[in-house]
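Student: I have a model open and want to learn to read it. Can we go through it feature by feature?

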Amino acid sequence: MASPEGLFPAGEAKPDHPERVASWPRLDFVPSGVNASAGFFTWHLETGDVVCDEQTFRLHGLPPDAEPRFETFLRQVPAGDVDRLLHAIDPLLAKVGDYILEYRVRWPDGAMHTLETRGRVVAGPDGRPLRSMGVIADVTERRAAEEAARAEALASARIQQVMTGLAAASTLEEVRAAVCAALPALGADVLFVADAGRPVEVLLACGRGAERMGPFQALDEGPVRTAVALDIPLFFSTRAEMARRFPVAADAVEAAGGEAVAFLPLSGLPRMRGICVLGYARPTVFDETERTVLILAASAIGQAVYRATIHDTEHTIALALQEGMLPRTLKFGPGVRAARRYAAVTTGIQVGGDWYDSVPLDDGSTILIIGDVEGHNVHAAGMMYRLRSTVRAYAAENHPVEEILRRANEYVAEVNEEADQPLFATCLVARVDPATRTVTASRAGHIPPIVAPPGRGARVPHNEVGVPLGIAPDARYPVWRMPYQAGTYLLLCTDGLLESSDNDLDSGIARTLSTLDRMRDAGLDLEELADLVLDVNRPAGGLWKDDVALLLAQLD
């Protein structure tokens, strides 16, 4: 780098202190990042005198004839930044070496510019810092681009946080939990999604005061109906701003302790005039980036709420259909009492194929039946209903348990011959004969029963099992017989009960055996004990991974 004298082209005025400039040595220092728009300077630390080119003055918003002193440049720094800048400069100038410094200056037109200084502190003859030399560049546009990139990345992260939670949500309650978890990312204190009918129906609410939200009336000229009717988002940073356009609504926001509000219409949702409203307890700036984030988030939330409402409606229909296919009441012969339970894993319009049944016979014995048709769809439900009716009919004819399964197997195989989607089923048929105090059972691919005799530990009887129904038309089914004492519990269930918690049949059996051993003598009635067996096998979170059917019988 040339000496300081070289900074002034021929014919231009030189500084008033040529002897001071001439005495400064060549430093061979070329700061990085120098371009044509950069300014050069040399600053005498003891006197505060500055030698610089015109570009350095221009970068600071100064005329080229401004007094070349440190204080002159410092006056261009906004008053609120001065102390922080001086605090940053002091340690940099206290030692010899290179430094980078960034600060803001205000130009005469009021525009704020960010400048970056890359300099070197050089020592005098005594080794102490004497001068600082370097270059100055305007990095306003670069910093603005970097800030925009950071803002975009932050906005993307906020949107992603909302989307991630919604991705796994199916039910309205799951959507509500996901939105509540993402509420801090949106910066709002309360959020609700509503169908702007008459009255306005709140479909989802979370945040402050959400528990008090219900249907409400909205004025035609109010912000809710205006945003929906015009399909435009409305943003109000303060109540005062809202009051100028919607004074009644502003009063309602004030009564609720709110300050800023965003009304975001949810267009494109069939049969729904949706709107998402976000409330803030403090004044809020809705710049372009913030508005984009909120609009995208509201759209995703609205779509999730719409899907969830359909899901929940379909699920309710599915459960009603499923319950309609199961027996409303069960009848038992003498010496048999039983509690029944059914829990669905079904989502949407899907229905499962688990069922239970009982048939009292004229000889005083009772046939207990439990089965599971593969799949969770309409075909499985239809097959379940037909198979339940078939097995029940064969049982009512007083056939042996193995013959009931043999005939049922032939029926399923025959149906599968004409079906586009063949289905198979497991089934367990047990005959309880109080006259001989004997249980006779046969299984078609079904999990074994659990027996809990009085005074002895609950156990799983070891017995042979035949193939599931519909696999082999000529299959035969082995028979198992067991004498029982009065007070014996007999549990028939589907695999969903034992495997939903951890996908481990053995673990589910162990949990159930332990529960029966601990609680059967605790004074619980049969219904309470059935609930307990269901509860100890319920997965974390309460959502079953498979349909569950159980019959818990007490044999007297």
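The dialogue below takes up strands, sheets, a pocket and cavities in turn.

Tutor: Start with the ground rules. This is a predicted model, in which local features need pLDDT of at least 70, side-chain atom pairs count only at pLDDT 80 or more, and totals for chains, interfaces and linings use all residues. Residues are numbered from 1 along each chain as its sequence is written, and side-chain values use heavy atoms, with hydrogens and water left out.

Student: How are helices and strands named?

Tutor: They are DSSP runs, numbered from the N terminus: helices are H or I with at least four residues, strands are E with at least two.

Student: Take strand β10. Why is it largely enclosed by the rest of the structure?

Tutor: First the term. Buried means under 20% relative accessible area, exposed over 50%, and partly exposed in between, with a 1.4 Å probe and protein chains only. In β10 (residues 274-280), seven of the seven residues are buried, so the strand is largely enclosed by the rest of the structure.

Student: Which residues point which way from β10?

Tutor: In a regular strand the side chains alternate between the two faces of the sheet. Here Gly 274, Cys 276, Leu 278 and Tyr 280 point one way, while Ile 275, Val 277 and Gly 279 point the other.

Student: Which strand is joined to β10 by six bridges?

Tutor: Strands of a sheet pair through backbone hydrogen bonds, either parallel or antiparallel. Two strands count as paired if DSSP finds at least two bridges between them. Strand β6 (residues 190-195) is joined to β10 by six bridges, running antiparallel. Strand β9 (residues 260-266) is also antiparallel to β10, with seven bridges. Look at Val 277: it is the bridge partner of Phe 192 and of Phe 263.

Student: How do I read the largest pocket?

Tutor: Work on a 1 Å grid over the protein atoms alone. A pocket is an open set of points with protein on both sides within 12 Å along at least five of seven lines; a cavity is a set where a 1.4 Å probe fits but cannot get out; lining residues have an atom within 4 Å of a point. Grid points are joined across faces, edges and corners, and a volume is the space filled by probe spheres set on the points. The largest pocket has a volume of about 840 Å³. It is lined by 36 residues, and the closest to its centre are Phe 192, Ala 249, Ala 252, Val 253 and Ala 256.

Student: Which element gives the most to that pocket's lining?

Tutor: Helix α9 does, with five residues. β6, α7 (223-230), α9 (247-255), β9 and β10 each supply at least two. By class, the lining has 23 nonpolar, seven polar and six charged residues. Ala, Val, Leu, Ile, Met, Phe, Trp, Tyr, Cys and Pro count as nonpolar, Asp, Glu, Lys and Arg as charged, and the others, Gly among them, as polar.

Student: What is the strand order in the sheet that holds β1?

Tutor: The order is β2-β1-β5-β4-β3, an open sheet with antiparallel pairing. The edge strands, β2 (50-52) and β3 (97-106), each pair on one side only. The twist averages 25 degrees from one strand to the next. For angles, axes are lines fitted to C-alpha atoms, for helices over the stretch in contact, and values run from 0 to 180 degrees between N-to-C directions. Helix α4 (residues 79-93) packs on the sheet, touching β1, β3, β4 (112-123) and β5, and its direction makes about 170 degrees with that of β3. Contact means heavy atoms within 4.5 Å.

Student: How many cavities of 30 Å³ or more are there?

Tutor: Two. Helix α4 gives the most, four residues. The lining has 15 nonpolar, three polar and no charged residues. The second largest cavity has a volume of about 40 Å³, and strand β15 (residues 438-444) supplies the largest share of its lining, three residues.
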